[in-house]
Every structure is written in C-alpha cells, then in structure tokens.
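Work through these exercises with the model open beside you. Try each task before reading its solution.

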Amino acid sequence: MGKTQGEKEMRSIDRRSFFKLGGLTAGAAALTGGMLAGCAPQSQTDMAATGGENETVDAAVPYAVFDTDILVIGAGYGASFAMQEACKAGQNMLVIDKAPYGFGGAFGMNFDIMNTWVPGAFYETEEEVPVATKIRNESLYRKTGVQNEVELNPDVVCANWGEILSARNEDGTPFYIYDFPTTRGFEHSMTRHWSDHFRAKDYITVHDRTMITDLIIEGGRCLGAVGLHIPTGEYRVYRAKVTLTATGGCTQFYGWNSTSPTTNNVCDNTADVEMALLRHGGKIANAEFGSYDMMGAFPRSFAASEGSMVGADSVHSGDLMDSEGTYLKDYPEIAEKEYLATQSGVMQAVDVVVRAGKGSESGGVYLDCKEESLATMRWMYQRNAQLLKEKFGYDFTAQPTEVVPEMYEHGGEPITDDNAMCVDAEGLFCVRANAGSEGGMMNITNRRMGRYAMKKALEYLATYEEPASVTYEGVAAEIARLEDLRTRTVDDPLRPITVRRNIQHACAEAGRPVRPADVLETVKAELDRIMAEDLPRMACADDSLVQNADWKDAIEVVNLLDIARLTVEASLAREESRDAFIRPDFPEPDDANWKCALAYTRAEDGSLSYEKIAY
Ligand SMILES: Cc1cc2nc3c(=O)[nH]c(=O)nc-3n(C[C@H](O)[C@H](O)[C@H](O)COP(=O)(O)OP(=O)(O)OC[C@H]3O[C@@H](n4cnc5c(N)ncnc54)[C@H](O)[C@@H]3O)c2cc1C
C-alpha cells in the first residue's frame, strides 16, 4: 500500500525546515554534512510505506526522524475511532503501535468481542446527557455525549465500518445477547473488517513493532515522541504538530488471579506514555480504579485467554452463587442495593458473599453452569463448554465452576481539559482520559473519547502555530536512558523478567477490588524495596539491538513499577469505597472528601504526591 510521491513530498520534512526547527540535539554538533539523508530500514510488515522520507541523524547514537502533522500513539480501539474521525477529513497521520500485527490491542487481535452501546444514546444538547455518578470530568463527559453517535446504531455500525454481525435472528434482525434499557450487546463482530478499511487508506501509515518510550515536551508543549523499532533497535524520533495518545489501560503490573492472563488488557499496554508524562512532571490520576469481570479460576477454567474459557462476566451475574448454592441475586442486601445491575456492583456483591464466609477458596464465587444457564450465556462460552466436553471429557454443566474477579481495564490517565488536551502538555490529546472511577475505558467510552479527541486535535491543527524555538534536547537524554538500560553491567544482576515478576507478585493482592489497608501497606513496602534494591540491579542478558526482549522488558519494567506504585499509594490515600474500589476499613462512598480525582506527580527521587482535582 504505497503512497504517491506527491503525498510523500507533502509529508516529508524538507531540509530547510529541519534546520529552521533547530535540528535535533544529541548532536546539534553532529548536524552537519554528517547527517545522512535517506530511509531508515523498512520492515516488510509495516502496513504501508512510512510517512514520507525520513532522515537519519548521525548523532552519538544515530536515530531516524519522521515528521507528521498528526502522530497517533497506539492503534487499538480508541485510536481506531480517532482514525475514523481523521479519515472523514482525509487527514494524513502516522500511527505507531508496539504490537506486531499492524493494529493492536483488542482491535488488532480481533478479540471475539461483544459490541455494546446505549440504545438511543444520541443527545442533541449537553443537558440531555444523563448525570454521571462517577468521578470524572462531568463537563467533558457531556461534550463527548453530544457528538454524532449515529454510528452506535448496530445496523449503521455494520454498514459504515464493514463489520459483520453474525448474531442475527432468522428474519435478519440483530440478535442481542443482552438488551437492557441502558445497554445492548451483540457478539462476535469482526474488527478485522474495520482494520482492513484503515489499511486501504493511503493517508494512514502504521509503524508497528515500534514502542514509544518518551514524549518530547518543551516549554509545556508536546512536540512528538521518541520510539524504538523493536526488531532492529533503531531509535525513531517522531516530530508532530499534534500527538494523540491511545495506549490503553495497563493491567500488567499485577499478577492475575485466574488462569487467564489475557483476560487483562494486552501485555503491550505497560503505561509507557503515561509514565513518560509523569517523568516530565505531568499529572496522572485514577490509578486506584480498575474495572473487573468474573473469570474462571484454576484449576477448572482451562483458560489461556478469555476467548477459551467458560467465565461469568458481569452479564451473567444472575447465575453466580455462593459456596452453599444460594444465588447472589437472592441475598437481600445484594437485591436491595441492586448490586447485580452494574459491572462494578457485581464486585460489591461478591464482596458481600466473601465477607459472609461463603465465597470460594480463591476469594471468588461460583458460576452455575447447568444446561439452562449455559444456554443463555455468550456464544463463545457455550462453544468452549462444548469443546472442552468433547476434547477433555470435562462437563461444565455437571457442577458450578469457580470464578474470581480479574481486572481487565485500569485507570492511571492524564488529566485533560474539556478539549481532551492534556493540561500538562499543549498539543497532546488523550483518548484514554476521564475514565475516572469507572476504572478504565469500556469500548463505548473509547468510541466517544477517540472520536472527540481527534475532532479537537483537528481543530487545534487548523490554527497551529510553530513554537518560537525548539531544542529537542530531551531526545538525547531519552536515548541515553534507553542505552543505559540496554548496556549496563552490574554485579549480581537481575533479569528484567525477574523484576517484572516481583512487581506482579507483589501486586497480586493489591490488584483485586477489595483492598485492605494492611495488604496495601505490605505491597507498598515491597514496591519500595523493588525500587531501591531490584531496579539498580536490573540488567539485560545481552546488549543486542535486534529483537532484544530483555531490553524491551527493562524499558517496560521501569514503567510498570511506577504505575504499580501509583496504584497502591492512591489506593491507600483514598479513604472510602466506591464502585469496584472497596476499602473494608472505609466501606461507604464519601463524596464530601473523595469525589475528586487524585492527580499524582513524581519527584526526581521517585517519591509521589497528589493534589485533589474536583470535577
Ligand atoms: C479480555 C477482554 C475482553 C473484553 N471484552 C470486551 C467486550 O466484549 N466488549 C467491549 O465493549 N469491551 C470489551 N473489552 C474492553 C475493550 O477491549 C477495551 O475497552 C478496549 O480495547 C480499550 O481500547 P484502547 O484503545 O483504550 O486500548 P487498546 O485496545 O488496548 O489499545 C492500546 C494500543 O496501544 C498500543 N501500545 C501500548 N503501549 C504502546 C507504546 N508504548 N507504544 C506504541 N503502542 C503502544 C498497544 O499495542 C495497543 O494496540 C475487553 C477487554 C479485555 C481485556
């Protein structure tokens, strides 16, 4: 899928403007005749030709430079809606994803996903948008609610995005696997059709297998990002007028409690961009919140992924039972508080059962899988149950199966203004923001935010003014940081994977919905120890540039540790319970003191502090 030469020229930086911008530091000195013009290595799996002719800067450590009007970081669900918005304007953009298959996240992996939307959720005015009871920027929430949501109509979704809707009744009408007044869902849509639609666009260029490790921020403005092409170890400097980040929720800081590692958001989501912002002095909020579903527990779930398990997820809350066979829906306290009506409420219901001493061994409950129940479950669970019976002789209908809460989305997001622009970096638009106490972004929220953030980014671009002066000195510092992680040698080294596992092991308990103070204190102490003792010992097994998994791990581990520390410290600070965030010592919501975001900043020495931001 090539670009036309004319388009290439339009997008490429010409040498004069390159020098006008002040060149790129690491070696301002090296920016002489030594600068090599020409193309950086192009991998065969890049989805299209790169966004114009890039240049390679022959600094102490050489790096390739790419210029673009719009840089999109992450190519998952949220980004896909942003891209769709930019496509309407025929806007060229450079899209970067860490994953190896072009588009990433649940979107690129073509999850057997259930599409959800709010029936009739098309509001003419902001006043019509229902009041949110969550912690989030209410004003921004309303603004994203009044956009053209016509595409939320399932039939239009299919027509517009080329998705197929296999779940249809015999007469051709959509078959909803659930149809509540507030939400509907259908299963088994094929996002692949939609990503193919983007692939065909000549003005979208995707650099996959490229990990963004830093934002370029100068004078409070975001000027692009620094990345690493993982297969070759090539440093890539992306210079952009507008940067839009959509790198998904990071659940990888904690070790999962079910047998299902991929019930979590994709492992590539390691909060790299958010933690880069934190290192630049930016604020990160809502790390204490997560959203959860019930997942099959060891040893019965047989699962390596959500798609290969028999689970409950919140849609099936009516089939959840305690260890004595009583359905959760028959508990008076659960019924009275209508806990089973919402996803976060299911976690509160499970907590009621566990506190009553009737939970499962692993701190969950049980899913009644008898024939009648199974018949009402998601198609994928029915299929899996059938397969497991045929292949392994295990009959799910014969006994209840244990299910435990698993975090599949996580907060920890930049603070934005009403234009979805980061308050700490002008020109940085954030798709994954304002999830608040919802604890991550549901698909539906990503649609709204993705579309809205790109709209606002395009408006910003239309009136864009070049910064007065630019040094790009952060690029050299970032490359030096990454080089240190790749080449350092230490006595008694620890492999990055070991440090990652130590973080995940420490956080297994703290990642659950119920977070007792003593557990949090213990985890905080262990994370502090990892920062003081393990991190300085972390070293790669070799310093190869090519596909060096240790190096990638090392870069990610630095970020995982910070997001883990944010999560635990914010959980300790928040002295209340709300949605799926449950502090047994503070069991009730406390609007007077805590209906606010805790926006954390990080000092040079790594210490964290917060300010409250009331929405
Ligand atoms: C197991 C599971 C099942 C789900 N089922 C459903 C469902 O049935 N229905 C529903 O509505 N929702 C479902 N969800 C939620 C939905 O998948 C997510 O809300 C959605 O994928 C989030 O979109 P996103 O764009 O924020 O993040 P993602 O889709 O995760 O995209 C983030 C992208 O950023 C990339 N990235 C990360 N870091 C970097 C970096 N440093 N540099 C470059 N790229 C980077 C990643 O590779 C990825 O492609 C499910 C989620 C999970 C985990």
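**Exercise 1. The chain as a whole**

How many helices and strands does the secondary structure of the chain come to?

*Solution.* This is a predicted model: local features need pLDDT of at least 70, side-chain atom pairs count only at pLDDT 80 or more, and totals for chains, interfaces and linings use all residues. Residues are numbered from 1 along each chain as its sequence is written.

Step 1. Count the elements. The chain has 18 helices and 20 strands. Helices (H or I, at least four residues) and strands (E, at least two) are DSSP runs, numbered from the N terminus.

Step 2. Look at burial. Of the 615 residues in the chain, 51% are buried. A residue is buried if 20 or more other C-beta atoms lie within 10 Å of its own, exposed if 12 or fewer, and partly exposed in between; the C-beta atoms are placed from the backbone.

Step 3. Look at contacts. Take those with a separation of 6 or more: 71% of them join residues 24 or more positions apart. Two residues are in contact if their C-beta atoms, placed from the backbone, lie within 7 Å.

**Exercise 2. The nonpolar core**

Find which residues have the most contacts inside the largest nonpolar core.

*Solution.* Step 1. Know the term. A nonpolar core is a set of buried Ala, Val, Leu, Ile, Met, Phe, Trp, Tyr and Cys residues joined through C-beta atoms within 7 Å.

Step 1. Read off the core. The largest one has 147 residues, and V72, A82, V95, L215, L244 and A453 have the most contacts inside it. Helix α17 gives the largest share of this core, twelve residues.

Step 2. Zoom in on V95. Leaving out residues up to four places away in sequence, V95 touches V72, A75, A79, M83, I204, T205 and V206.

**Exercise 3. Helix α15 and its partners**

Describe how α15 packs against α17 and against α16.

*Solution.* Step 1. Recall the method. Two packed helices are described by the angle between their axes and the distance between the axes. Axes are lines fitted to C-alpha atoms, for helices over the stretch in contact, and angles run from 0 to 180 degrees between N-to-C directions.

Step 1. Take α17. Helices α15 (residues 496-507) and α17 (residues 549-573) pack at about 25 degrees, with axes 8 Å apart. They are therefore roughly parallel. Angles under 35 degrees count as roughly parallel, over 145 as roughly antiparallel, 65 to 115 as roughly perpendicular and the rest as oblique.

Step 2. List the contact. From α15 come P496, I497, V499, R500, I503 and C507; from α17 come D550, D553, A554, V557, L560, L561 and A564. By class, the residues of this contact are ten nonpolar, no polar and three charged. Here Ala, Val, Leu, Ile, Met, Phe, Trp, Tyr, Cys and Pro count as nonpolar, Asp, Glu, Lys and Arg as charged, and the others, Gly among them, as polar.

Step 3. Take α16 (residues 517-537). Its axis comes within 9 Å of that of α15, and the two cross at roughly 170 degrees. The pair is therefore roughly antiparallel. V499, N502, I503, A506 and C507 of α15 meet V523, E526, L527, I530, D534 and L535 of α16. This contact has eight nonpolar, one polar and two charged residues.

**Exercise 4. A helix and a strand residue**

Is helix α8 largely enclosed or largely open? Then place I217.

*Solution.* Step 1. Seven of the eight residues of α8 (residues 272-279) are buried, so the helix is largely enclosed by the rest of the structure. Among them are D272 and E274. G281, with a positive phi near 95 degrees, follows α8.

Step 1. I217 lies in strand β9 (residues 210-218). I217 is buried because 25 C-beta neighbours lie inside 10 Å. Not counting residues up to four places away in sequence, I217 touches C222, H280, A425 and G474.
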